[in-house]
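Biologist: I'm new to this one, so could you pick a single spot, look at it closely, and then walk me outward from there?

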Amino acid sequence: MSSLIPKATYSAPDLDESKIFTPGDGIHTTDGQTTQISDIVINAGGEDRDKPTEAKDTPLGHLRAELTTLQDQINIFLTERMKQEKNKQSEQEEADIERRILDDGVDEDDSD
Amino acid sequence: MTVDLDQYVKPGKGHYIALGLEGSANKLGVGVIKHNIGPLSQTNRAEVLSNIRDTYVTPPGEGFLPRDTARHHRNWVVRIIKKALIEANIKGTDIDCICFTQGPGMGAPLQSVVIAARTLAQLWNNIPLVGVNHCIGHIEMGREITGADNPVVLYVSGGNTQVIAYSKQRYRIFGETLDIAIGNCLDRFARTLKIPNEPAPGYNIEQMAKKGKHLINLPYTVKGMDMSMSGILGYIDQLANDMFGKQPKKVIDEVSGEPITPEDLCFSLQEILFSMLVEITERALAHVNSNQVLIVGGVGSNERLQEMMKLMIQDRKNGQIYATDERFCIDNGIMIAHAGLLSYRTGQTNLINDTVCTQRFRTDEVFIKWRDD
Amino acid sequence: MTDRLVKEIEGHLPHIPLEIVSQGAEALVFQTSTHPYIDDPYLKNQKKYIVKFRPSKPYRHPIIDASINKTRTIGEAKFMTKLNKLGINSPSIISVDYSKAIIWMEFLGSELTNGDISSFKNWLWYLERNESEAKCVDEQVEQVCKKVGELIGKLHMNDMIHGDLTSSNIILQDFEPALIDFGLSSYSGLAEDKAVDLYVLERAILSTHSVFSDTYNGWLLEGYGSIHKQYSKQGGTKKYAETIKKLEDVRLRGRKRSMLG
């Protein structure tokens with residue numbers, strides 16, 4: 001059932017071309033790497049009773065598994081982009097403080 | 001004049017069926033309700049066809065994070081819906097409308113449930129969607145189950161503390177918390193004492209409070225018809241940390257000379273908070289000249305709160321109190337189905353691009369088209 | 001009002017004829033023709049007096065109950081005495097019995113055409129239910145609203161906080177408003193406390209008189225501002241600006257308050 005292969009497209013003003021996600025070959029399961037329960041719960045001695053059920057060997061079941069893979073790819077990609085964005089911001093802020101101290105004579109302690 | 005509720009009935013049908021999906025906090029609820037045509041009344045009651053719930057429970061000392069709660073809802077929603085349909089003995093195509101909680105609540109859990117609603121609506125030949133305000137769901141279900149016709153409503157849950165009365169097609173907020181909600185206050189104290197979250201932290205506090213006998217002195221912070229709880233929580237948290245922390249310090253009850261126990265703390269906290277709740281409810285009753293009280297929301301199932309409310313109402317002329325049991329008090333899908341169906345019967349539905357959920361959604365924002373008294 | 005409560009007050013005040021006026025949340029208000037110690041007091045009403053009684057509340061733990069009734073009765077009596085001294089419209093105090101939680105005071109107000117007591121709330125409700133829309137926002141209503149605002153302004157200029165401002169707690173005597181019910185009153189010079197006081201009233205107006213609430217609230221604040229201007233030598237203008245700024249914060253807090261299911 002090749003007609004049920006999911007695909008996702010991401011585009012943004014700062015990207016030259018759209019990023020396309022496909023599940024690709026390989027084994028797909030519903031046990032996604034980015035959709036696990038958080039560590040806090042496990043560390044506090046909780047058990048995970050909310051795991052997704054395993055995918056059935058049907059076209060819809062395969063779609064579920066492939067979607068989980070796709071979801072992982074998207075989550076990783078977006079998290080990475082957010083990190084970059086954050087780094088850029090803090091670099092800019094640092095540069096800004098530097099500029100203010102050097103150019104405007106602002107005392108470092110005054111900056112909020 | 002009464003509102004015509006039957007302009008939108010399917011041709012040839014004498015009833016409506018609605019599916020309701022709730023997931024604004026840590027409970028995932030799915031319910032199926034049936035209304036026969038004609039206005040609802042003592043002889044024409046709404047019929048609960050099924051009402052299934054699954055709660056996301058965290059280990060002691062931990063609250064529920066939005067991410068894990070959303071994951072719980074996502075991974076259970078299909079199974080719970082299937083169960084609800086089987087129990088109601090209906091097919092997807094029998095449904096007139098799919099109702100979902102549009103807010104208020106936690107963003108991620110709300111979103112994971114509305115996706116299920118949208119998907120089903122499209123899967124089953126474009127069944128109309130109806131967005132429901134969670135608080136309105138509690139109020140309307142409470143009225144339907146208890147038969148209270150125009151009560152002052154005390155809505156107490158994990159995220160809400162409001163005193164509400166109906167006037168001119170809106171449920172208006174007369175009093176509310178100025179900071180944290182009552183359920184949140186109790187849950188957080190349960191975490192301080194490391195009380196289990198199973199079946200519910202508030203329930204466990206209630207059981208411990210029954211064994212408490214010494215009252216410790218806590219601030220009492222009623223402000224008109226509003227109240228404030230964060231100061232009380234801060235105070236008792238500090239006390240608990242002093243008493244049971246790394247260097248335990250014994251605190252003695254002044255009257256009996258006996259040591260204060262965790263049970264005493266639970267007892268004292270309940271006594272002070274519930275006194276405040278009952279007082280602001282009575283203030284609203286006196287202000288709007290009413291004598292009916294309806295308690296809704298998860299904390300409303302607390303027996304001590306119900307008992308105190310009963311004692312208050314007994315001293316008022318012709319006073320009446322209404323409360324529901326945990327099937328309807330605690331967040332559930334049936335109330336969303338019920339309130340959503342009332343909305344549907346007056347022609348209010350949401351187009352799919354108008355089904356975005358909102359974390360903040362005040363009770364008085366909703367136009368109550370199905371009432372005109 | 002139930003038999004239990006009637007017995008309780010009769011036990012405290014035998015031989016005093018009492019007629020119930022209202023059952024509030026924390027107190028029972030009676031009227032009586034008997035003055036406790038003089039025949040012709042210097043008061044607006046010489047035939048009727050108010051007896052306010054805080055009964056014990058069976059729902060409260062006895063310790064909490066006793067402490068609340070005592071502090072509120074004492075607090076109210078002291079607050080009223082101060083108001084009387086300052087000449088801020090409120091009933092004059094006649095006598096207080098702290099141990100029984102009873103306050104005797106001057107009778108203010110009159111009966112509206114429908115028999116209800118002339119509280120600000122009852123009057124506005126009466127207009128809304130029996131009169132035209134124009135009448136609900138006419139010059140007289142505007143005057144009364146502004147006077148109420150002025151009254152609260154005077155209160156706040158003296159660093160006094162009512163604590164429970166609603167349209168029920170304002171009584172009209174010949175269309176002159178007077179404040180009543182000071183069980184939750186306190187003293188504070190903080191703009192925050194004054195802002196909360198105003199916010200509570202604003203919300204009460206919104207929920208109780210929703211049709212014209214914006215107009216009423218506007219007038220109330222106008223009156224509130226005008227009295228601060230009159231007191232500009234005592235820092236009124238600055239105080240007003242601070243309180244209004246805080247009021248905006250408090251409003252925002254109210255709307256932003258997270259409300260999780």
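Modeller: Let's start at Asp159(C), which counts as partly exposed because it has 14 C-beta neighbours inside 10 Å. The count uses C-beta atoms placed from the backbone: 20 or more others within 10 Å makes a residue buried, 12 or fewer makes it exposed, and anything in between is partly exposed. Before going on, note that this is a predicted model, where local features need pLDDT of at least 70, side-chain atom pairs count only at pLDDT 80 or more, and totals for chains, interfaces and linings use all residues. Residues are numbered from 1 along each chain as its sequence is written, while chains are lettered from A and ligands numbered from 1 in the order in which they are written.

Back to our spot: Asp159(C) isn't a glycine, yet its phi is positive, about 55 degrees. You'll find Asp159(C) in the loop between helix H5 (139–157) and strand E6 (160–161) of chain C. Those labels are DSSP runs numbered from the N terminus, with helices being H or I over at least four residues and strands being E over at least two.

Elsewhere in chain C, five strands make an open antiparallel sheet, ordered E1-E2-E3-E5-E4. Strands pair here if DSSP finds at least two bridges between them. At the edges stand strand E1 (19–23) and strand E4 (93–97) of chain C, each with a single partner, so one side of each has no neighbour in the sheet. From one strand to the next, the twist averages 20 degrees. Inside the sheet, strand E3 (residues 49–53) and strand E5 (residues 102–106) of chain C run antiparallel and are joined by five bridges. Tyr49(C), for one, sits opposite Glu106(C) in E5(C). Helix H2 (residues 62–86) of chain C packs on this sheet, touching E4 and E5 of chain C, and its direction makes about 160 degrees with that of E4(C). Touching means contact, with C-beta atoms placed from the backbone within 7 Å; angles run from 0 to 180 degrees between N-to-C directions, using axes fitted to C-alpha atoms, for helices over the stretch in contact.

Chain B has a positive phi to compare: Lys168(B), also not a glycine, has phi near 50 degrees. Lys168(B) is in the loop between strand E7 (161–167) and strand E8 (170–176) of chain B, and it counts as exposed because it has 11 C-beta neighbours inside 10 Å.

Two cis peptide bonds are worth a look in chain B too. One runs from Gly103(B) to Pro104(B), with omega near -10 degrees, and Pro104(B) falls in the loop between strand E4 (97–103) and helix H2 (107–123) of chain B. Another joins Glu198(B) and Pro199(B), with omega about -5 degrees; Pro199(B) is in the loop between helix H4 (182–192) and helix H5 (201–211) of chain B.

The buried residues of H2(B) include Leu110(B), Val113(B) and Ala117(B). That buried set packs against strand E1 (15–22), helix H1 (66–88), E4 and strand E5 (129–133) of chain B. Just past H2(B), Asn125(B) has a positive phi of about 60 degrees.

Last stop, chain A: two helices and two strands, following the pattern β-β-α-α along the sequence. Of its 112 residues, 7% are buried.

Terms used:
Contact = placed C-beta atoms within 7 Å.
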